[in-house]
Amino acid sequence: MKFPASVLASVFLFVAETTAALSLSSTYRSGGDRMWQALTLLFSLLPCALVQLTLLFVHRDLSRDRPLVLLLHLLQLGPLFRCFEVFCIYFQSGNNEEPYVSITKKRQMPKNGLSEEIEKEVGQAEGKLITHRSAFSRASVIQAFLGSAPQLTLQLYISIMQQDVTVGRSLLMTISLLSIVYGALRCNILAIKIKYDEYEVKVKPLAYVCIFLWRSFEIATRVVVLVLFTSVLKTWVVVIILTNFFSFFLYPWILFWCSGSPFPENIEKALSRVGTTIVLCFLTLLYTGINMFCWSAVQLKIDSPDLISKSHNWYQLLVYYMMRFIENAILLLLWYLFKTDIYMYVCAPLLVLQLLVGYCTAILFMLVFYQFFHPCKKLFSSSVSEGFQRWLRCFCWACRRQKPCEPIGKSDLQSSRDRDETPSSSKTSPEPSQFLNAENLCSA
C-alpha cells in the first residue's frame, strides 16, 4: 500500500497558503489598504469553501448521517480531519486481515506488441485510500486555479505598483506558485489515469520532475505577462480576461449543443436536473480557470459519461500553445510601448526576451515529457519526434519544389526569346531530355 504523500502535500499547501493569506490580510488592514485586504481574503476563503464542498461531494457525506464531519467542514477544518482519517487507515491497514476484497483487472503496458491483463486484490482500506487520494487531487486543482492563481496575480501586481516586496507577500506568492504548479501536476496525472483507465499506469520520478519544470515555466511566465500588461493598460486587461473566459467557458457547451446529445443525467443519482446543471457549470468554470493560465491536459466533453474526452488531440495542443505564445508576445509588445516610469530601472527588451524564452522553455519540457517520460507513450500512434520529422519533410519538400521551378521558368522564357531572334533556317529543336528533366523536377 502506497504512502499517502499526495494527501500530505495537498493539506500542507492548503494550510500554508490560507495561513499566509490571513496573516498578510491583517498586515494590509493595519496599513489601511482595505481593498487589498478584501481581495486577499476573497481569493483565500473562496477556494477554502469550494474545497470543503468538493470533499463532501466526493465522499457523499451530504447523504450520510455524519454531523461531526459536516461541522468540521463548516469550520473549514475538513481537509485536516480527512488527512487524519487517511493516516489512521494507512497505519491500521496492516494490523487487521480484511475478509472482503474486490478484484480489479488492469492491462500492463505493451511489451513487444503484447499486453497482459493482470488481476489485483483491493481491500477495503486500500479502496478508501484511493477515494481519499482522488478527492484531494481534485481539491488541489480547485484550490490552485480558483484561488492560488488569482492570488498570485494580485500579490505580484501589488508588489509592482508599490515597488516593494515584503516578506509576507513574497512568502504568499511562493506558496501560491507552488500550489498552482502542484495543481497542474495533479491535473496531468488525473488526465493520464482517466484516459488510460484500463491500463496500470506507473509514473516515474523523472516524469514528475519534467512536469514540474514544464508547469513552473509556463505558469510563471503567464502570470508575469498578465501582471505587466495590467500595470499599464488596466482597462484593456478586462477585455483580455473576458475574451479568454467566454472562449473557454462556452467552447464545451457549443460542442455539446452541436452534437445533439441528450442532457447528461448519470453524474450523480442523488442530483436533480438543476443540481446536475450546477455541477456541470462548476466543472466548466474550473476548466476555464485552468486554461486561462496553462494547458488543462484534459478536454471537457459534456456528452460523455466520464465528462472527459479520452482521445489525445495533438491538434488542440498545438493550437493552444501557438495562440498563447502569440497572445503573450502581443501583450508584452503593448506593455513595452506603453510602459510607465515605474519601469525606469528595468531593461525592458531583456525582460521581454526572458519571458518569451521562458515560455519556449516550458514548451520544450512539455515535448521532452511526451517524448521520453510519458507513462503511456507506447500507446501513442505517433511520437513527438515522428511528428516533427513529418513536418520537417513536408517543409523541405515544399521548399525543394518551389526553388527548381523558378529558374526553370526563367530559362524557358529566355529560350523562347532566343528562338524568336534566331533565323528560321538556323532554328534547332530543343532536346526532349531537357524538357523531360524539367517536368520531372517540378513534379517531384
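Residues are numbered from 1 along each chain as its sequence is written, and side-chain values use heavy atoms, with hydrogens and water left out. Because the model is predicted, local features need pLDDT of at least 70 and side-chain atom pairs count only at pLDDT 80 or more, while totals for chains, interfaces and linings use all residues.

According to an unreviewed UniProt entry, the annotation "transmembrane region" covers several spans, including residues 206–229, 235–258, 318–338 and 350–373. UniProt positions follow the numbering used here, feature names are shortened, and annotations may be inferred rather than shown by experiment. Residues 206–229 are 100% helix and 0% strand, with end C-alpha atoms 35 Å apart. Residues 350–373 are likewise 100% helix and 0% strand, and here the end C-alpha atoms lie 33 Å apart. Helices (H or I, at least four residues) and strands (E, at least two) are DSSP runs, numbered from the N terminus.

A search of the whole structure finds 20 aromatic pairs. Rings of Phe, Tyr and Trp (its six-membered ring) pair if their centres lie within 6.5 Å; planes under 30 degrees apart count as stacked, over 60 as edge-to-face and the rest as tilted. The pair of Phe-248 and Tyr-320 is tilted, because the ring centres are 6.2 Å apart and the planes stand at 55°. Phe-248 lies in helix α8 (residues 234–259) and Tyr-320 in helix α10 (residues 314–338), so the pair ties together parts that are 72 residues apart in sequence. Phe-248 is buried, at a relative accessible area of 16%, and Tyr-320 is buried at 7%. Buried means under 20% relative accessible area, exposed over 50%, and partly exposed in between (1.4 Å probe, protein chains only).

The rings of Tyr-321 and Tyr-359 also form a tilted pair, with centres 6.2 Å apart and planes at 50°. This pair links Tyr-321 in helix α10 to Tyr-359 in helix α11 (residues 348–373), 38 residues apart. Both Tyr-321 and Tyr-359 are buried. One aromatic cluster is formed by Phe-248, Trp-295, Tyr-320, Tyr-321, Phe-325 and Tyr-359.

The charged end of Arg-215 sits over the ring of Trp-214, 4.3 Å from its centre. The charged end of Lys-339 sits over the ring of Tyr-336, 4.2 Å from its centre. This term requires NZ of Lys or CZ of Arg within 6 Å of the ring centre and within 35 degrees of the ring normal.

Thr-230 is placed in helix α7 (residues 205–232) and counts as buried at 18% relative accessibility. Leaving aside neighbours within four places in sequence, Thr-230 is in contact (heavy atoms within 4.5 Å) with Tyr-157 and Val-237.
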